[in-house]
Amino acid sequence: MCSWEGFFYGCILLVLAFFSSRGIFHTDTNIYHAQAIRLYEEYGMLKGAGNLQLHFAYNSAYLAFASVFSLRWLFGQSLHTTTGLLELVLCLYAFHGLKGFWRHESHIADLMKAGLLFYVLVILTGSMSPATDYATMLYVIYIITAWCENMEGDKSVALYSLLSVAAVFAMTLKFSSCMLVLLSVYPAAYLIKGKRWKEIAAYLLCGIVAVTPFFIRNYYISGWLLYPFEGIDIFRVEWKIPKEYLLVDANQIKVWGRCLYDVGKTDWPVWKWFPVWWEAQERYAQMFLGAVVLGAILQAVVAVHSFLIRRKIRADLAVLIVVIWINLAIWFLTAPFIRYGLGFLFAVIMIAVGTCISEKRRGFYNILTGGFLFCILVSVSPYWDNYITDAGVFFKHSVKEPYYLLQKDYDEGDMVSVDLGGNTVWYAGEYEINSYHVYPGTCYQGMLERSTLIGDTIEDGFKAK
């Protein structure tokens, strides 16, 4: 039996290796991920890199992580396998946990593990991209899943505390997930109640260690503590990105997320931009969002039923659900690209379904919840059908590509060189591919034209003119 299990896991490894070896790069990888990795490889920390291109100031820890494992010095080209590695580790975790599905009394963690596999399916054809969205959502889903697993098992306060520290680190992958740190409210209440001050201090120190490199990089890359957030303005350094550039960038993130594509529409109220955003979604995505709404209603139905039968409230589950919805509210009101909040959207559906099927249901309540479960299944089906089809088409078109021994390299791009104080700097040409293969580079000529060197060399960094 163990040999068959090992064979299955080996097949998973081969499938993910295939999808991580070839394909089309995520748009943002060609815009700035690849170049940011190259800058880390060549310079480490480059002062004012955000002036050369504002995207560098988004400062995801994932890109720094990817640069460590690019191994260009060993293979002659930069590997970008970290997303595939994360997928592999988490798929093995999920499949291993699902083995005992029928023996489990509660299935919330089981459904979250299924959601983790579902998310890997969604990003499967982009596995070779070191995309910050992918890493962040994988990490978020893992934290939520591990929380649910602990909730159904030992209920270890220590594990809840460590997951809260992990949530702090998730913030450094992409700041939009920052409210996940509110999970710490639950273990903090227990530790404070028990006056376990040494443990509190230890976990706080772990959180500080996790987040400090992120703040240091922010300082050096952009001159801001949090970019693009102008509310905390404490540094006065010559490489600081001007506030007017920051505000334009922040507004562009909002209007692009709302599918408006015009910074003049930043202040549109929800009722005005929502129809535009909704119509811009693909049909299968609209169905998926409908499943999220149904999942939310199902959560409410289960909560009301629990209240009526006087079932004890599970504080750890309640905190988790509230934190998920806080993150979704911020996602929706700021930049509601589905890929930015997909992990939290999956969590709503999976936790609602997992909670429901874990209960003993009778009579009308069974009919009502069964109806919701059926409708959720129907609504989600076009979503996974779309990505299963994508994976099949991808395999058919890519199987003959010669990337079985060495991964496909970053796209070349059409880069144009300019002289800047005796140093060569590059900008992307017609196709807006900020190539990994030359450095330092920017995707936008306009950003280069409004920047200059701090000193005589690239190592001195960039500042705004």
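The structure holds 14 salt bridges, a salt bridge being a side-chain nitrogen of Lys or Arg within 4 Å of a carboxyl oxygen of Asp or Glu. This is a predicted model, in which local features need pLDDT of at least 70 and side-chain atom pairs count only at pLDDT 80 or more, while totals for chains, interfaces and linings use all residues. Residues are numbered from 1 along each chain as its sequence is written, and side-chain values use heavy atoms, with hydrogens and water left out.

**Salt bridges**

- Glutamate 5 forms a salt bridge with lysine 99, and their closest N and O atoms are 3.3 Å apart. This pair links distant parts of the chain, 94 residues apart: glutamate 5 is in helix H1 (residues 2-19), and lysine 99 is in the loop between helix H6 (82-98) and helix H7 (108-123). Helices (H or I, at least four residues) and strands (E, at least two) are DSSP runs, numbered from the N terminus.
- Lysine 99 counts as partly exposed because its relative accessibility is 46%; buried means under 20% relative accessible area, exposed over 50%, and partly exposed in between (1.4 Å probe, protein chains only).
- Arginine 339 and aspartate 28 meet through their side chains in a salt bridge of 3.7 Å, N to O. Arginine 339 lies in helix H16 and aspartate 28 in helix H2 (residues 27-43), so this pair ties together parts that are 311 residues apart in sequence.
- Aspartate 28 is buried, with a relative accessible area of 15%, whereas arginine 339 is partly exposed at 28% relative accessibility.
- A further salt bridge joins the side chains of arginine 236 and aspartate 233 (3.1 Å, N to O). Arginine 236 counts as exposed at 65% relative accessibility, while aspartate 233 is partly exposed, with a relative accessible area of 32%.
- Asp28, Asp133, Lys174 and Arg339 belong to one network, joined by salt bridges that share partners.

**Nonpolar cores**

- The largest nonpolar core has 86 residues, and Ile144 and Ile351 have the most contacts inside it. A nonpolar core is a set of buried Ala, Val, Leu, Ile, Met, Phe, Trp, Tyr and Cys residues joined through side-chain atoms within 4.5 Å.
- Helix H16 (residues 338-358) supplies the largest share of this core, 14 residues.
- Isoleucine 144 touches Met112, Leu320, Ile324, Phe344, Ala347 and Ile351, not counting residues up to four places away in sequence; contact means heavy atoms within 4.5 Å.
- A second, separate core has 37 residues, including Phe56, Met128, Leu420 and Val425.

**Strands**

- Strand S1 (residues 415-420) pairs with strand S2 (residues 423-428) in the antiparallel sense over 6 bridges; two strands pair if DSSP finds at least two bridges between them.
- Valine 418 has valine 425 in S2 as its bridge partner.
- S1 and S2 form a hairpin with 2 residues between them, and glycine 421 in the turn has a positive phi of about 60 degrees.
- S2 also pairs with strand S3 (residues 441-442), in the parallel sense and over 2 bridges. Tyrosine 427 stands opposite threonine 442 in S3.

**Phenylalanine 75**

- Phenylalanine 75 is located in helix H5 (residues 72-75).
- Phenylalanine 75 counts as partly exposed because its relative accessibility is 40%.
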